[in-house]
Amino acid sequence: MKIGQRIAYQQAKIILISSFLIGGCSALVQFYMDLNHVRDNLRANVERSIGLYVPNLERAIYNLDSVQTQTIANTLINDPLFYDAQIYDDFGEKIASANVEKKQPRSLQLDEYSFNLLGLPDTFKRTITIKSSEKSDGLLVLKLDKQYVANGLTNRAVTLAVSGLVATFALSLLLFLVFYYVLSKPIQQVSRWVAELDQDHRGLAPPYEKQDELGELVQNVAQIWHKKDLASRQVATLAYFDPLTDLVNRRRFVEQLDKAIGLGVKQHHVGAVMYLDIDRFKTINDSLGHQVGDQLLMTLAQRLKGVMQKTVTVARFGGDEFVVMLPGLSTDEDDAAEKAMSVAAEVASVIAVPVQIGRNLIHCSASIGLTTFPQLDDTSSQVLRRADTAMYRIKAEGRNGYRFFDVTMQQEAQKRWQLEEGLYKAVERNQLEIWIQPQVSNEYVITGAEVLLRWRHPEKGMISPMDFISVAEESGQISAIEEWVLEESLSLLSRWQATNLPSTFRHLSINISPSHFMQADFIQRMLPILERYPVPGINIEFEITENLLINNFKQAIETMQVLQEKGISFSIDDFGTGYSSLRYLNQLPINVLKIDRSFVSGIANLDDDAPIIDVILLMAKKLNLEVIAEGVETQIQHQFLAQRECSLYQGYYFSKPMHHRDFFNLLMQDNGVINTPSDYV
């Protein structure tokens, strides 16, 4: 801070100016009063001096005593007030005179000004009364010594000014010292104290404790700063720590990981990051409540911290995801990997210990992905992505395990990401295509068909739904894609009906994914499409999986009943591969069962034993359900199923899936009857 901005400087300046103004005004008043006093004294002295010699002068003039009058004149000029004296008789003749030679004044103009301030005449005349004279009186003429009179006044004024200046300066200095020690210095101390507080120096004693306004200010500042300090700590805690588990959060972990990567590069040390996810945590949270879920996370967090060394950083990234950084495990990457695997095994065993929360004994497991660092041009985001990719690979392989990241995982993840990004553009760029596979009767008549989806990528060519449907489900795009499929399929079917389709063609099957089917607005989104394209005489059939029915039975049956009232029929795809309950099948509005290809592919001879197929066919007959056998590729398989009274088939033996235009041409030739099929090789 500049000195001119300091309170002490401004205070001293104000005090000095104020003191001088007050002192100057006081000096002027004093000077004015002295001026009047001097004027009165001078006038009185002149009158007194004249009065002393008037009687003698009257006698001397009356007697025409020139010697005595001259003596009186000489005596008068001995008074420093006068420098010239002249005496005249009653005839007007000068009878005596005397004067003193005046010294050259130092400042004639100053003396003249000072004398003029007194307001006195420079010449005094006094009439001398001569009693015997009838003509006139005598006259005494005295001239004042202006220099003497002015010097007296000037000296008095200078003395007054100097004494006033000294008094003013002394008073200013005294006031400055008083104000400095009473106000300015405490304010400076308070200012330094606040500056040190701002530098995060805790525990500083207040510099001023008197019970006055400044003391109250210090107390208020201390209280405000205490609250600010608490708030700052809370903000820091929220910024760098997870409020539930008290572990560091993502932001703090990334900062420490960046430092560890830099230190590892510098010191040639290899560390590891462990990314773990609690298996089935959502099920625990949904079934037992969020409070139990939170307590479980806190317990697991404490267990993780308990088995880690002080140099290890444990973080919670959100939800049920924890990340552990193991810095400086070794200078050798293989050795560091072995140590990290050992820690992962310990973590897995710690998490596997049941947790008692209230009356609930909860068993947990974790999927753990690991990676080492630093690698070439490594960053914290790359390290975390590798560990996260490895963790998701473990989850895909069945959970409850740990494994290290390898390059193939990244390649697969990159491929899935490219598929996901490409799917967003596939619909709007007309890259998706409707393909259809016929469903055939024992007489080789096409009675129906299943709608299949293909993606004709401009760079990668034809992409199988086996590659992109799961990606669409995970990314949430499956709903939009399946609604497009439904609209395109119904639009095609509506146009085909206008060309007099064979009467034997009576149903079209469309696959619906579980995630799409269980959405709350599934019915509201599907009905407008169905209403836009009425196809009388042809059943629209939604294919669903049996696991969907088991996992969400109540919602599934309600949705199916509403759609069945609108004319939609349902088939269970891949029947026999899940965990179907006969009671569920009896209650659901199902029309068709589709025997999974895995049961059909094993048929090599007509006398093979296929008890599951026999059970499915018998059960369908009892429940009055139609059966379609999928994956029929040989004549033997066809004959085997026909002997057991299976009526509909789908597979390469009859026809491969084909573009919708080719299917329409096939359907329209020979009234929907296909040529004698041959085994698929």
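Predicted model: local features only at pLDDT ≥ 70, side-chain atom pairs only at ≥ 80, totals over all residues.
How much space lies in the largest pocket? About 960 Å³.

Stop 1: In an unreviewed entry, UniProt annotates residues 157-183 as "transmembrane region". In the model the stretch is 100% helix and 0% strand.

Stop 2: Over residues 269-407 the chain is 46% helix and 31% strand, with 22 Å between the end C-alpha atoms.

**Stop 3: helices α7 and α8.** Select residues 281-288 for α7 and residues 290-307 for α8. Their axes come within 6 Å and cross at roughly 135 degrees. That angle makes α7 oblique to α8. To see the contact, show the side chains of Phe281, Ile284, Asn285 and Leu288 on α7, and on α8 pick out His290, Val292, Gly293, Leu296 and Leu297. By class, this contact of α7 with α8 holds six nonpolar and three polar residues, and no charged ones.

**Stop 4: Phe373 and Pro374.** Zoom in on the backbone here. The peptide bond from Phe373 to Pro374 is cis, and its omega is near -5 degrees. Pro374 sits in the loop between β10 (366-373) and α10 (380-396).

**Stop 5: Tyr444.** Move on to the loop between β12 (432-441) and β13, where Tyr444 is found. Tyr444 is not a glycine, yet it has a positive phi of about 65 degrees.

**Stop 6: helices α13 and α15.** Select α13 (478-497) together with α15, residues 522-532. The axes of the two helices come within 9 Å and cross at roughly 10 degrees. With that angle, α13 is roughly parallel to α15. Which residues of α13 and α15 meet? From α13 there are Glu483, Leu486, Glu487 and Leu490; from α15 there are Arg525, Met526, Ile529, Leu530 and Arg532. The contact of α13 with α15 divides into five nonpolar and four charged residues, with no polar ones.

**Stop 7: the second largest cavity.** The model has two cavities of 30 Å³ or more. Turn to the second largest cavity, which holds about 30 Å³ of space. To find it, select its lining: Ile436, Val451, Ser489, Leu492, Leu493, Trp496 and Leu508. Which element gives the most to this lining? The answer is α13, with four residues. By class, the lining of the second largest cavity has six nonpolar residues, one polar and no charged.

**Stop 8: the largest pocket.** Centre the view on Glu450, Leu452, Pro465, Met466 and Asn511, which lie nearest the centre of the largest pocket among its 34 lining residues. Then colour the elements that give two or more residues to the lining: the helices are α12 (465-475) and α13 (478-497), and the strands are β13 (446-457), β15 (507-511), β16 (539-545) and β17 (568-575). Colouring by class shows 15 nonpolar, nine polar and ten charged residues in the lining of this pocket.

Definitions and conventions: Residues numbered from 1 in each chain as written. Heavy atoms only, no water. Axes fitted to C-alpha atoms, helices over the stretch in contact; angles between N-to-C directions. Parallel < 35°, antiparallel > 145°, perpendicular 65-115°, else oblique. Contact = heavy atoms within 4.5 Å. Nonpolar A, V, L, I, M, F, W, Y, C, P; charged D, E, K, R; others polar. 1 Å grid on protein atoms, 1.4 Å probe; cavity = no way out; pocket = protein on both sides within 12 Å on 5 of 7 lines; lining within 4 Å. Points joined across faces, edges and corners; volume = space filled by probe spheres on them. UniProt positions renumbered as here; feature names shortened; annotations may be inferred.
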